[in-house]
Amino acid sequence: EIQAAYDYANFKAQSELENVTLRADHERKSAYLAKLEIDLEVARENEDRTLVIRDDAQINLDSAVEDLEIKRQFYAQELARITEDLAVMEEVINIFQSRVANMQDVLSKRIDQYQDGQQLGGISSQAGDLQKQWGGRLNEVSRQ
């Protein structure tokens, strides 16, 4: 019986020691759990803020892409219009150069005739014809 009492006392002492160790471990794990719960709450708040920032950034990106697409379309339209205007202006320049060359020949002939003693009677009517032709062509170009 003495041995049984001694074993019981030894068992009880070890049990108490184990209970102290288990309580300390439980307290440590409970504190760690509380820290993890706080960290989880902070992480969720950060995630919510990050999602809002991401959504705002996506909206801004979509808006910028839309604006750039509108500008691209406008650029393409303006490029087509300017290219067409350039072709018209090149045509006008070519017509002008041919008319100037033609007028130079006509004036040279008239000057030769004048120097030969003839009058310059036909030049003013030819200048009026050119003005009518150019005026009509320029009005057509400006309407385009």
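This is a predicted model: local features need pLDDT of at least 70, side-chain atom pairs count only at pLDDT 80 or more; totals for chains, interfaces and linings use all residues.
**Overall layout**

The protein contains 2 helices and 0 strands. Of its 144 residues, 8% are buried. Its accessible surface is about 12500 Å², and carbon and sulfur atoms account for 57% of that area.

Helix H1 runs over residues 2-115. H1 counts 114 residues, and the distance from its first C-alpha to its last is 160 Å. At 1.5 Å a residue the expected reach would be 170 Å, so the computed span is close to that value. Buried positions in H1 are Val88, Val92, Met103, Val106 and Arg110.

**Salt bridges**

Across the whole structure, 7 salt bridges are found.

| Pair | N to O distance |
|---|---|
| Asp25 and Lys29 | 3.5 Å |
| Arg72 and Glu69 | 2.6 Å |
| Arg81 and Glu78 | 2.7 Å |

Asp25 and Lys29 are both part of helix H1 and sit 4 residues apart, which is about one turn of the helix. Their side chains meet at 3.5 Å, N to O.

In the pair of Arg72 and Glu69, the closest N and O atoms are 2.6 Å apart. The two residues are separated by about one helical turn because they stand 3 residues apart in helix H1. Arg72 is partly exposed, at 48% relative accessibility. Glu69, its partner in the salt bridge, is partly exposed as well, at 33%.

Arg81 and Glu78 form a salt bridge through their side chains, with 2.7 Å from N to O. These residues lie 3 positions apart in H1, so about one helical turn separates them. Arg81 has a relative accessibility of 41% and therefore counts as partly exposed. For Glu78 the value is 23%, and this residue also counts as partly exposed. The cut-off for burial is under 20% relative accessible area, so Glu78 at 23% does not count as buried.

**Negative surface patch**

A patch of negative charge on the surface is formed by Glu41, Glu45, Glu47 and Asp48. One of its members, Glu45, belongs to helix H1. The relative accessible area of Glu45 is 40%, so Glu45 is partly exposed.

Conventions: Residues are numbered from 1 along each chain as its sequence is written. Side-chain values use heavy atoms; hydrogens and water are left out. Patches are made of residues with over 30% relative accessible area and no salt bridge: like charges are joined within 9 Å, nonpolar side chains (Val, Leu, Ile, Met, Phe, Trp, Tyr) within 5 Å. Accessible areas come from the Shrake-Rupley method with a 1.4 Å probe; for residues, only the protein chains shown count as cover. A salt bridge is a side-chain nitrogen of Lys or Arg within 4 Å of a carboxyl oxygen of Asp or Glu. Lys and Arg count as positive and Asp and Glu as negative; His and the chain ends are not counted. The place of a charge is taken as NZ of Lys, CZ of Arg, CG of Asp or CD of Glu. Buried means under 20% relative accessible area, exposed over 50%, partly exposed in between (1.4 Å probe, protein chains only).
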